[in-house]
Amino acid sequence: MSQEIEHVQCLIIGSGPAGYTAAIYAARADLKPVMYTGMEPGGQLTQTTEVDNFPGYPSGITGPEMMEDLRKQAERFGTDIRFGYVSEVDFLSVPRKVIVDDIKTITADTVIISTGATAKWLGLPSEQKYNGFGVSACAVCDGFFFKGQDVAIVGAGDTAAEEATYLAKLCRKVYMLVRRDEFRASKAMVHRVMNTPNIEVIYNTETQEIIGNGKNVTAVRVLNNQTNEESDIPVEGFFVAIGHKPNTDIFKGWLDMDETGYLKTIPGSTKTNVEGVFAAGDVQDHYYRQAVTAAGSGCMAALDAERYLAAKEDEVKMVS
Ligand SMILES: Cc1cc2nc3c(=O)[nH]c(=O)nc-3n(C[C@H](O)[C@H](O)[C@H](O)COP(=O)(O)OP(=O)(O)OC[C@H]3O[C@@H](n4cnc5c(N)ncnc54)[C@H](O)[C@@H]3O)c2cc1C
């Protein structure tokens, strides 16, 4: 049985701040965008409580409420928002081909990829229990809530080192828990950590459990993997900085990526190595990873898509 193929001008994959912002701009430029939300409509911010650093919300807002506002704004200008998961792509075909939920084929003149990234967690039940109540995977987002308090951060790479020094500016004391007897971070970052007086690095240490009072985190239980000794470190906040995984598996072999799977874009733009395919938000940004930067690049992607289509139209007119 042959299936009808739907054609769209602008397909947006993913419904985080990047996807919704791209949708607002694309819809207002009359590109009639169709968005597939993926399995997490609203994206990463739906996992959090307070968002205090997105401009325009002087009293703060919860992540789910903010994403609901963005969804309504995208819908207001006519974005066709659909629940569905892009399971396969064919970026050699022209127009570009995308398969949704393994069954539906869509062709698109332009594709905006905003599939985000997923924070890696330790996998402890107590970590999930206190996620948003003392446990966080983002120091820049949540460090402020622990001003003047004691926190722990787990990780040994550049990001963990960067986040530890960020937290050290806000918090009284930062315990940096490193699983091995050395860092993975660059020498420069290790130097910065070692020269921050209120960071205490604890090597050969594995997190066993996050301890709390039912409402908030009160301590972290750690194991010294050399001596097998267990101890509790009293802290109010626990930060996990063991990396993120960009949601790019379906684009492998089609788009240029760095060694960790982040999509590569042409500097100063959202263009990927495939014409008409653009990438915005955390899926192409392992460095800033903020809602406002994701939204900013979503805007860029829609403008890049609109200009790409306009240039194509000009080409057709010149030929005819
Ligand atoms: C707990 C937590 C708290 C945070 N707090 C803050 C904060 O206070 N301030 C701040 O600025 N930032 C915060 N961040 C970071 C912020 O959430 C991200 O930077 C931002 O959400 C990135 O937006 P994005 O649009 O690139 O992707 P995401 O928000 O990751 O959204 C990705 C979207 O892609 C969809 N998707 C994935 N794969 C597919 C597919 N194959 N097909 C279709 N759709 C797909 C998902 O369903 C999702 O809708 C926080 C992050 C976390 C995890």
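# Briefing: salt bridges, strands and surface charges

E275 is partly exposed, with a relative accessible area of 48% (buried means under 20%, exposed over 50%, and partly exposed in between, with a 1.4 Å probe and protein chains only). The model is predicted: local features need pLDDT of at least 70, side-chain atom pairs count only at pLDDT 80 or more, and totals for chains, interfaces and linings use all residues. Residues are numbered from 1 along each chain as its sequence is written, and side-chain values use heavy atoms, leaving out hydrogens and water. The structure holds 16 salt bridges (each is a side-chain nitrogen of Lys or Arg within 4 Å of a carboxyl oxygen of Asp or Glu).

**Salt bridge E275 and K312**

- The side chain of E275 forms a salt bridge with that of K312, at 3.4 Å from N to O.
- E275 sits in the loop between β18 (244–246) and β19 (277–279), while K312 sits in helix α7 (residues 291–319), so this pair ties together parts that are 37 residues apart in sequence.
- Helices (H or I, at least four residues) and strands (E, at least two) are DSSP runs, numbered from the N terminus.
- K312 has a relative accessibility of 30%, so K312 counts as partly exposed.

**Salt bridge E162 and R192**

- E162 and R192 meet through their side chains, with 3.9 Å from N to O.
- This pair links distant parts of the chain: E162 belongs to helix α5 (residues 158–170) and R192 to helix α6 (residues 187–194), 30 residues apart.
- E162 is partly exposed, because its relative accessible area is 33%.
- R192 also counts as partly exposed, at 41% relative accessibility.

**Salt bridge E209 and R221**

- A salt bridge joins the side chains of E209 and R221, at 3.8 Å from N to O.
- E209 is part of strand β14 (residues 205–212) and R221 is part of strand β15 (residues 217–224), so the pair ties together parts that are 12 residues apart in sequence.
- E209 has a relative accessible area of 35%, so E209 is partly exposed.
- R221 counts as partly exposed at 26% relative accessibility.

**A salt-bridge network**

- Salt bridges link E6, D80, R82 and K104 in a network.

- Strand β17 (residues 237–240) is covered on both faces.
- G237 and F239 lie on one side of β17, F238 and V240 on the other, and all are buried.
- Strand β10 (residues 135–136) pairs with β17 in the parallel sense, over two bridges (two strands pair if DSSP finds at least two bridges between them).
- V135 stands opposite F238 of β17.
- Strand β11 (residues 150–154) also runs parallel to β17, and four bridges join these strands.
- I153 has F239 in β17 as its bridge partner.

**Charged patches on the surface**

- E50, D52, E65 and D69 form a negative surface patch.
- K120, R179, R180 and R184 form a positive surface patch.
- Patches are made of residues with over 30% relative accessible area and no salt bridge; like charges are joined within 9 Å, and nonpolar side chains (Val, Leu, Ile, Met, Phe, Trp, Tyr) within 5 Å.
- Accessible areas come from the Shrake-Rupley method with a 1.4 Å probe, and for residues only the protein chains shown count as cover.
- Lys and Arg count as positive, Asp and Glu as negative, and His and the chain ends are not counted; the place of a charge is NZ of Lys, CZ of Arg, CG of Asp or CD of Glu.
- D52, in the negative patch, is found in the loop between β3 (50–51) and β4 (61–62).
- The relative accessibility of D52 is 43%, so D52 counts as partly exposed.
- R180, in the positive patch, is found in the loop between β12 (173–177) and α6.
- R180 is partly exposed, because its relative accessible area is 42%.

**Backbone details in loops**

- V94 and P95 are joined by a cis peptide bond, with omega of about -5 degrees.
- P95 lies in the loop between β6 (86–90) and β7 (96–100).
- K32 is not a glycine, yet has a positive phi of about 50 degrees.
- K32 lies in the loop between α1 (17–28) and β2 (34–36).
- K32 counts as exposed, because its relative accessibility is 52%.
- D102 is not a glycine either, and has a positive phi of about 65 degrees.
- D102 has its place in the loop between β7 and β8 (104–113).
- D102 has a relative accessible area of 62%, so D102 is exposed.
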